[in-house]
Amino acid sequence: MGKNDIKNELREIAPGIEKLRAGNPFQVPHNYFENLPQNIQEKIAKGKSKVSQPVFQRIGMPRFVLATIMTVLLVFAGYFAFFHSSPEIYLTESEEIFYENYLAWYSEYQPDVYYDILMANEEAADFESLIFDEDEVLDYLFDYGDYYMDYITYTENDFEN
Amino acid sequence: MDHYSDEKLLDLFHNSDNPNYAFNLLVKKYQEKIYWHIRRLVIDHEDTNDVVQEVFVKAWKGLEHFRADSGLFTWLYRIATNEALTFLKKKKRHFFLPWQDVEYALSEKLESDVHFSGNEIQRKLHKAILSLPPKQRIVFNMRYFDEIKYEDMARILDTSEGALKASYHHAAKKIEEFVKTN
């Protein structure tokens, strides 16, 4: 298919734009194409100096040793993720307390307080879109110190009973 | 300027002591076609310059393994198309914009571009092209401006000739309508 065929095709489909093809309205800066090959060579040269060796070569370690170490690390990471991923409902005084733990506990054992916490976020349009700022929750809990004191004095056995 | 054939360029690149020289000849041979293909997609000269340089850096890295199953130009055009689309996607992601807004921004760019010297009707034509979805825009540009055969386009864009004909037909109709009504 030659140029005439392309013209004829356009004449059939959309004759109104067939004649607009003439001329290129875009321009380039003066001497742009004269300098472009040199600019590209410079970019390639810069890239060459940045090319880095693979990690195992950089740290001077055979590939299979690195693979073994990575596998062991992945197994440990998987173990901890699996056994520590469920929400900490049962907390003791000695555990570090995060606001997710507060929410989980309140939703389970003090639903009315949990509801109050949710409503404290005035900007929230619905339950699912709530995004709590940790400071907000901690402020709320600070304001309701009785609940907080009750909470931290519960023991694991109290919850189970 | 006389250009070497693709076979000669590849032979020089692979078998001479100075592959940089051969690559330089390759850039000189194809730079304008690749530049204009990208420029019509991303509009801005500086953006185009970045994408063009990236295309040739990728070509440099890949040329060693290039087996010439597809022609050199087809291969370069494919890299250029992918890089231009990637650039537009990045732009969309970076500014959290839907495609329509990216196109609107490019269209606005046409108004202020110091490197655009077209008259009102040409500006309108390019705005119409920018109103197309990105893939239709590529097909339209390749056919309308670069006069590439459907067969070659199919190889470059890795799709069927039927799909390309339909895209081009649809795009041309939409552009004609846009030019008439705006």
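What percentage of the 161 residues in chain A do buried residues make up? I found that buried residues make up 25% of chain A, where buried means under 20% relative accessible area, exposed over 50% and partly exposed in between, with a 1.4 Å probe and protein chains only. I note that the model is predicted, that local features need pLDDT of at least 70, that side-chain atom pairs count only at pLDDT 80 or more, and that totals for chains, interfaces and linings use all residues. Residues are numbered from 1 along each chain as its sequence is written, chains are lettered from A and ligands numbered from 1 in the order in which they are written, and side-chain values use heavy atoms, with hydrogens and water left out.

**Entry 1: the two chains**

I looked up the secondary structure, taking helices (H or I, at least four residues) and strands (E, at least two) as DSSP runs numbered from the N terminus. Chain A has 9 helices and 0 strands. Chain B likewise comes to 9 helices and 0 strands.

I then turned to contacts, meaning heavy atoms within 4.5 Å. Among contacts with a separation of 6 or more, residues 24 or more positions apart account for 46% in chain A. The corresponding value for chain B is 60%.

**Entry 2: the nonpolar core**

I took a nonpolar core to be a set of buried Ala, Val, Leu, Ile, Met, Phe, Trp, Tyr and Cys residues joined through side-chain atoms within 4.5 Å. The largest one has 71 residues, and Ile17(A), Phe23(B), Phe56(B) and Phe140(B) have the most contacts inside it. Helix 2 (residues 19–42) of chain B gives the most to this core, with 12 residues.

I followed Phe23(B) further. Leaving aside neighbours within four places in sequence, Phe23(B) is in contact with residues including Ile40(A), Gln41(A) and Ile44(A) of chain A, and Phe13(B), Phe56(B) and Trp60(B) of chain B.

**Entry 3: the largest pocket**

I recorded a volume of about 240 Å³ for the largest pocket. The search used a 1 Å grid over the protein atoms alone; a pocket is an open set of points where a 1.4 Å probe fits, with protein on both sides within 12 Å along at least five of seven lines, and lining residues have an atom within 4 Å of a point. Its lining has 14 residues, of which Thr81(B), Leu85(B), Lys135(B), Leu157(B) and Thr159(B) lie nearest the centre. Helix 4 of chain B gives the most to this lining, with 4 residues.

Is Thr81(B) buried or exposed? I found Thr81(B) buried, because its relative accessible area is 2%. Thr81(B) lies in helix 4 of chain B. Its side chain makes a polar contact (N or O atoms within 3.5 Å, one able to donate a hydrogen and the other to accept it; residues adjacent in sequence count only if both atoms are side-chain atoms) with the side chain of His37(B), at 2.9 Å.

His45(B) belongs to helix 3 (residues 45–63) of chain B. I record His45(B) as buried because its relative accessibility is 4%. Not counting residues up to four places away in sequence, His45(B) touches Val28(A), Pro29(A) and Tyr32(A), as well as Tyr35(B), Arg39(B) and His115(B).

**Entry 4: helix 6 of chain B**

At the start of helix 6, I found a side-chain oxygen of Asn119(B) within 3.3 Å of the backbone nitrogen of Ile121(B). Helix 6 covers residues 120–130, and its buried residues include Leu125(B), His126(B) and Ile129(B).

Notes
Grid points are joined across faces, edges and corners, and a volume is the space filled by probe spheres set on the points.
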